[in-house]
Amino acid sequence: MKSRRIILLGLRLVTGGLFVYSGAIKAWDPASFAGSIDNFDLVPYPLAVAGALVLPYLEIVCGVALVGGVLGQGALALLLAMMVAFTGAMAWAWIRGLDVNCGCFGAAAGKTDYALALLRNAGLVGALIILSLAWGATRPAPEAGTGQSRTPGPQDGRRTPPSAPPAGPSSR
Amino acid sequence: MRTALVQMALLVALAGAMAVASGLWHPRRPAWSLPDIDDGEVLLQGVRQWGDRVIWVDARPRKLYERGHVSGALPLNEDDWDNLLAQLERYHEQRKGHKIVVYCSTRRCDTSHHVAERIRRELGLGRDDVWVLAGGWEAWEAAQR
């Protein structure tokens, strides 16, 4: 049980760190990232610019949330949605035979190897799904020294009326 | 479910605030509209002014070249770079003074710029000798309609 928690913690830190890194590279040069989005020829250019401004910071804040173990459910849902969208766009570009740089880890990475990029995305989606399913087990324990994972129920200092039904997994 | 939605809204709001700041003050913030032409590019109208003193180079993958290309264009892609470059070099030597115009798929694909730079470097040509077609194959096809 303890080893499972350690593995999940490692997965959470590595996945979160990867998104922070990926977002930071894009946030460093939003003009190049706008060009990369535009390469896919899926959205009008102003929308590509908006995406180039928002997506890197969304990756960063979600990655930080994952690493820090806060707002995790929301971060995982957003990252999953982004990864599904990125993967779909990439598969579509591959089908159309576009010779683009996906900008996944910055525009300087060169022409995209679609098979490799899709494989990497599949791995990340897998990691995000595992973390979503096991989120309760990867969060910091509420009481130091118990060594036990938190049981689903009203926690985090929230009060619920005595008559309230048991809540789902807690929010943190 | 509700918790996840609230958290998502918080994260999106935070990222949105940072994005607004980036859009306003980032030194490398993108322009909201595309420039008609980038450095080293030439519009199709400009190429037409050069008449037949143009060597077209198709930098797209081979299968796209075989599906359709600018009449007389030579393929040049990284899959068979050395052979195709030698072919271009021989062709260019027989047509001294011709401009080389490279194109790839869309208006923002990077390959044509990359290939043009390699041609300049490996054949010892200048910026005035090798150009990139603004808009690429997409612009060419649109002009044929």
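Modeller: A surface patch, as the term is used here, is made of residues with over 30% relative accessible area and no salt bridge, and nonpolar side chains are joined into one patch within 5 Å. The model is predicted. In this model, A:Leu42, A:Val43, A:Leu47, A:Trp92 and A:Ile95 make a nonpolar surface patch of about 480 Å². One of these residues, A:Leu47, is placed in helix H3 of chain A, which runs over residues 45-68.

I turn now to the contact itself. The size of an interface is often given as the accessible area lost when the parts come together. Between chain A and chain B, about 3,000 Å² is buried, and 63% of that area lies on carbon and sulfur atoms. On the side of chain A, the residues that lose the most area to chain B are A:Tyr45, A:Tyr57 and A:Asp99, which together account for 21% of what that side buries. Chain A brings 35 residues to the contact and chain B brings 34 residues.

Polar and charged pairs also cross this interface. Five residue pairs are in polar contact between chain A and chain B, with both residues at pLDDT 80 or more. The two chains share one salt bridge. In that salt bridge, the side chain of B:Arg28 meets the side chain of A:Asp29, at 3.9 Å from N to O.

The side of chain A that touches chain B draws two or more residues from each of helix H1 (2-28), helix H2 (30-39), H3 and helix H4 (72-95) of chain A. H3 of chain A gives the most to that side, with eleven residues. By kind, the residues of this side of chain A comprise 21 nonpolar, eight polar and six charged.

Finally, there are salt bridges to consider over the whole structure, which holds seven of them across all chains. Among them is the pair of A:Lys26 and A:Glu59, whose closest N and O atoms are 2.5 Å apart. Because A:Lys26 lies in helix H1 of chain A and A:Glu59 in helix H3 of chain A, this pair ties together parts that are 33 residues apart in sequence.

Technical notes: Residues numbered from 1 in each chain as written. Chains lettered and ligands numbered in written order. Predicted model: local features only at pLDDT ≥ 70, side-chain atom pairs only at ≥ 80, totals over all residues. Heavy atoms only, no water. Patch = residues over 30% accessible without salt bridge, like charges linked within 9 Å, V, L, I, M, F, W, Y side chains within 5 Å. Areas by Shrake-Rupley, 256 points an atom, 1.4 Å probe, with all protein chains shown as cover. Salt bridge = Lys/Arg side-chain N within 4 Å of Asp/Glu carboxyl O. Helix = DSSP H or I, 4+ residues; strand = E, 2+ residues; numbered from the N terminus. Contact = heavy atoms within 4.5 Å. Buried area = accessible area lost by both parts, 1.4 Å probe. Polar contact = N/O pair within 3.5 Å; in protein donor to acceptor, adjacent residues only side chain to side chain. Nonpolar A, V, L, I, M, F, W, Y, C, P; charged D, E, K, R; others polar.
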